[in-house]
Amino acid sequence: MRRYGKHTDEDDIRTRPGRRNTRPRTNIRPKHEDASEGLVLTVDRGRLTCLVEDRVVLAMKARELGRKAAVVGDRVAIVGDLTGKKDSLARIVRIEERTSVLRRTADDDDPYERVVVANADQLAVVTALADPEPRPRLIDRCLVAAYAGGLEPLLVLTKSDLAPPDKLLELYGHLDIPYVVTSREELQNGTALARVREQLDGKITAFVGHSGVGKTTLVNSLVPEEQRRTTGHVNAVTGRGRHTTTSALALPLAGSDGWVIDTPGLRSFGLHHVDPSQVIHAFPDLEPGTEGCPRACSHDEPDCALDAWVAEGHADPARLYSLRRLLATRERKEGD
């Protein structure tokens, strides 16, 4: 076997450099101070469609972000190719602090929470008054998630030509939730859209609802076809070809600085992640009364101080009933 000496004259032998000649490892990451700001419009299999100024850009998450994932509505810092041309790819290097988060779990026993939308101002819960029948428990769960995540709720009741809204509105009247009632005829002639737009102008609104309630039809009416086609063209690069509501999609509201976010139809809305103490913040008339509650009070037990607070006239008894109904949704299935 041939061995090479210390002073070999072979010039094709690979030698390992000493430690002094190697580049030291470092945990210091670049700050990317020259990164551009972008808004995440949709996410599809690791590719994120973002709006950067007036350009729609396709991007991927930088490895340095680790498991931290960006979702629709996130404000992000982007570097790389920001031209928005076909086959171009940018890189998301930072996810900015969120002002609100809509989360859900698959069910109440599932500890894995899924962030649906970030930075939305309000949550529009769309429900039909008939065909399909309203599901108040699912509505309650959406309201709890909105309160816990820092979103203002909005009720959008569709198909009022098939059933009156009075019974459902009475159920939520004491929560002081804004609402809009629409019919099929009003959606066709545009009168309902004007009322809905009044609640959406200047805000980022996420729309949720189970299949068949008319949620996507309403979003399609609010957003011009041309704007949906533009976003769909970018999705074709990711392999989707066209948008379907299998993933959330943010769209600019025509003639306004508002945005609408269409989300997939709901089958369930788990609340495993919700701390009951967060829900009380949506009841400012009841919250001061919790100071006398025992530690870790569920607000639905004999020693709860809220009963005395209401009895002393500080709040309407119907408000306490509404709070307890919402808190109890974690113990009930949506179809109850």
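Two residues are in contact when heavy atoms of one and the other lie within 4.5 Å. Keep that in mind for this tour of a predicted model.

**Stop 1: the whole chain**

Show the protein chain as a cartoon. Its secondary structure comes to 9 helices and 13 strands. The chain has 336 residues, and 45% of them count as buried. Now think about contacts between residues at least 6 apart in sequence: 65% of these join residues at least 24 apart. The accessible area is about 19,100 Å², and carbon and sulfur atoms account for 47% of it.

**Stop 2: the cores**

Select Leu143. Which residues does Leu143 contact, leaving aside neighbours within four places in sequence? They are Val125, Pro153, Tyr172, Leu175, Ile177 and Leu326.

Leu143 belongs to the largest nonpolar core, which has 55 residues. Next, colour helix α1, residues 136–149. Helix α1 gives the most to this core, with 8 residues.

There is also a second, separate core, made of 19 residues. Pick out Val180, Leu193, Leu253 and Val260, which are among them.

**Stop 3**

Select β3 (residues 55–61) and β5 (residues 90–95). These strands run parallel, joined by 3 bridges. Zoom in on Met60, whose bridge partner in β5 is Arg91.

How do β4 and β5 pair, parallel or antiparallel? The pairing is antiparallel, over 5 bridges. Find Ile78, then look across to β5: Ile92 stands opposite. While side chains are shown, recall a general rule. In a regular strand, side chains alternate between the two faces of the sheet.

**Stop 4: one side of a helix**

Select helix α5, residues 215–222. Show the side chains of Lys215, Leu218, Val219 and Leu222; these four are buried. Turn the view to look down the helix axis. The four cover an arc of only 100° around the axis, so they sit on the same side of α5.

**Stop 5: a buried loop residue**

Go to Thr182. This residue is found in the loop between β10 (179–181) and α3 (184–189). Is Thr182 buried or exposed? Thr182 is buried, because its relative accessible area is 1% and the cut-off for buried is under 20%.

What does Thr182 touch, not counting residues up to four places away in sequence? Select Leu157, Thr158, Lys159 and Ser160.

**Stop 6: backbone details**

Find Pro132 in the loop between β8 (122–128) and α1. Look at the peptide bond from Asp131 to Pro132. This bond is cis, with omega near 5°.

Move to Arg45, in the loop between β1 (36–44) and β2 (47–52). Phi of Arg45 is near 50°, a positive value in a residue other than glycine. Arg45 counts as exposed, with 61% relative accessibility.

Finish at Ala296. Its loop runs between α7 (276–279) and α8 (306–311). Phi is positive here too: the value for Ala296 is near 60°, again in a residue other than glycine. Ala296 counts as exposed because its relative accessibility is 76% and exposed means over 50%.

How values were computed:
Residues are numbered from 1 along each chain as its sequence is written. This is a predicted model: local features need pLDDT of at least 70, side-chain atom pairs count only at pLDDT 80 or more; totals for chains, interfaces and linings use all residues. Side-chain values use heavy atoms; hydrogens and water are left out. Helices (H or I, at least four residues) and strands (E, at least two) are DSSP runs, numbered from the N terminus. Buried means under 20% relative accessible area, exposed over 50%, partly exposed in between (1.4 Å probe, protein chains only). Accessible areas come from the Shrake-Rupley method with a 1.4 Å probe; for residues, only the protein chains shown count as cover. The arc is that of the directions from the helix axis to the C-beta atoms. Two strands pair if DSSP finds at least two bridges between them. A nonpolar core is a set of buried Ala, Val, Leu, Ile, Met, Phe, Trp, Tyr and Cys residues joined through side-chain atoms within 4.5 Å.
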